[in-house]
Amino acid sequence: MSTTSTPPALRNVAVVGGSYVGAATAKELIETLPPTHRVVLIEKQERFGHLFAYPRFAIVAGHEHKAFIPTTLPPPHLIVRAAAESISPTSVALDRAVELDGETVQSIDFDALVVATGTKLTPPGTMPGESKQEGIDYLRSIQEDIKQAKKIVILGGGAVGVQMATDLAIVYKGEKDVTVVQSRTLMPRFHPLLHETCMKRFNDLGIKTVLGSRAVVPEGGFAGVKEVKLEDGRTVEADFVIQSTGQIPNSGPLKSLALTAITPSSFIRVKPTFEVAPFAENEQEATKRIFAVGDIADSGAPKAARPGAIQAGVVARNIAALLSGAPSSSFENYTPDPAAIHLTLGVVESIVFRNPPSTDPSKPLETFNGDPTLFWKDDGKLDMGIEGVWERRAPGFVKSEEDYWK
Ligand SMILES: Cc1cc2nc3c(=O)[nH]c(=O)nc-3n(C[C@H](O)[C@H](O)[C@H](O)COP(=O)(O)OP(=O)(O)OC[C@H]3O[C@@H](n4cnc5c(N)ncnc54)[C@H](O)[C@@H]3O)c2cc1C
């Protein structure tokens, strides 16, 4: 007599958020998890959005469809297209019903969960809408507004503002009157040498700056305004305004489970192991299987994709340890490196800048110990090498130009 047995169902390790750090975490987990487990990546966007290119593709036409890349995970791992609404100790509730293992479900059970929900920026830092077509339409509308405008005011002197100002100066060959309004120095999370370097580049390209004040945002937004009013009473003439200020952390799904893990600025407090770290004891018990990485995590790491990739390895190994029954005292700790950035300064020219180490990592900007490193590059491409990004994110997918529209 022969008997057949159904293999036990795979158990889930959920990752919420499938951008740079969530995708890197899924990849690391796939290589690290025992065969009893699969990765379920929950992402609300229809495509992987290569947001490094959004500011460029909001200025230069013809590449916008390539910013949104179809990605998959190798079976049995899978991507679920939905937004996580709330998290309980062992399941995550979704905003819509999805098909999973032949059933229609609106929540997914997990043995461990990683929150990698990042932050929401003002467009074009983050796209409005969830579909590829909405992203394409939005980028095209900004390209058209910029084409029509003569006086462009950019609010915010961080990476998006600096990149857009220098790109505008190069692409439009100085035809546009570009002003950057910034409350502090340019690139304020870095050593002052980066501010000085950007200011020199702005001067060379004829970009104006108004430093030390903030814009007053009109109730109905900036559409159709003729000037930007500043908090100190100054005004700047404008016929198009680009907002690149502020980021709103997407920590909402964790709030009902672990309110005391949410910092005053809405990031998620974590231990150096990336375990979520609420103050309240009952919340500590409820979040024993929950981790947070990337921009959403208050880990002391610079908010950038590259350190996020290192965090992904640490969190994947800690989850494998958790599933094997190891105590959390044995988990690996993450130590942040000094902030670094590869910053475009006008299409072809870019710089790679790295802060010096600091003597007090909790106050990196006040305790620099040594000199920053800076070097220039002149190999930038108008399309930011986007086809190479497709090859890395969706290997073998593109067989013809048509495929970039999928
Ligand atoms: C213009 C620009 C250029 C940049 N260039 C660089 C660079 O060159 N190098 C670098 O290292 N860094 C760069 N950065 C910073 C980098 O993009 C961020 O640090 C990085 O995106 C953080 O990744 P993340 O995965 O943590 O979060 P995010 O990229 O913010 O992604 C979060 C993801 O979670 C999803 N999500 C949110 N809430 C939910 C929910 N409830 N349910 C399901 N899904 C959800 C979102 O849709 C999104 O896909 C740049 C940033 C900008 C804006």
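How far is an oxygen atom of the ligand from a polar backbone atom of Ala-305? The distance is 2.9 Å. Keep in mind that this is a predicted model.

| Residue | Backbone atom to ligand oxygen |
|---|---|
| Ala-305 | 2.9 Å |

On its own, the ligand has 990 Å² of accessible area, and the protein covers 88% of that. Helix H1 (20-32), strand S2 (37-43), strand S10 (119-121) and helix H8 (305-323) each give two or more residues to the shell around the ligand. H1 has the largest share, with three residues.

There are 31 residues around the ligand, and the ones that come nearest are Ser-19, Glu-43, Ala-84, Asp-295 and Ala-305. By type, the shell splits into 16 nonpolar, 10 polar and five charged residues.

In soluble globular proteins, nonpolar side chains tend to be buried together. Here the largest nonpolar core has 54 residues, and those with the most contacts inside it include Ile-42, Leu-113 and Ile-319. H8 turns up again, giving the most to this core with six residues. As for Leu-113, its contacts beyond four places in sequence include Ala-14, Val-16, Ile-87 and Phe-291.

Note on methods: Residues numbered from 1 in each chain as written. Predicted model: local features only at pLDDT ≥ 70, side-chain atom pairs only at ≥ 80, totals over all residues. Heavy atoms only, no water. Near = heavy atom within 4 Å. Polar contact = N/O pair within 3.5 Å; in protein donor to acceptor, adjacent residues only side chain to side chain. Areas by Shrake-Rupley, 256 points an atom, 1.4 Å probe, with all protein chains shown as cover. Helix = DSSP H or I, 4+ residues; strand = E, 2+ residues; numbered from the N terminus. Nonpolar A, V, L, I, M, F, W, Y, C, P; charged D, E, K, R; others polar. Core = buried A, V, L, I, M, F, W, Y, C linked by side-chain atoms within 4.5 Å. Buried < 20%, exposed > 50% of the residue type's maximum accessible area, 1.4 Å probe, protein only. Contact = heavy atoms within 4.5 Å.
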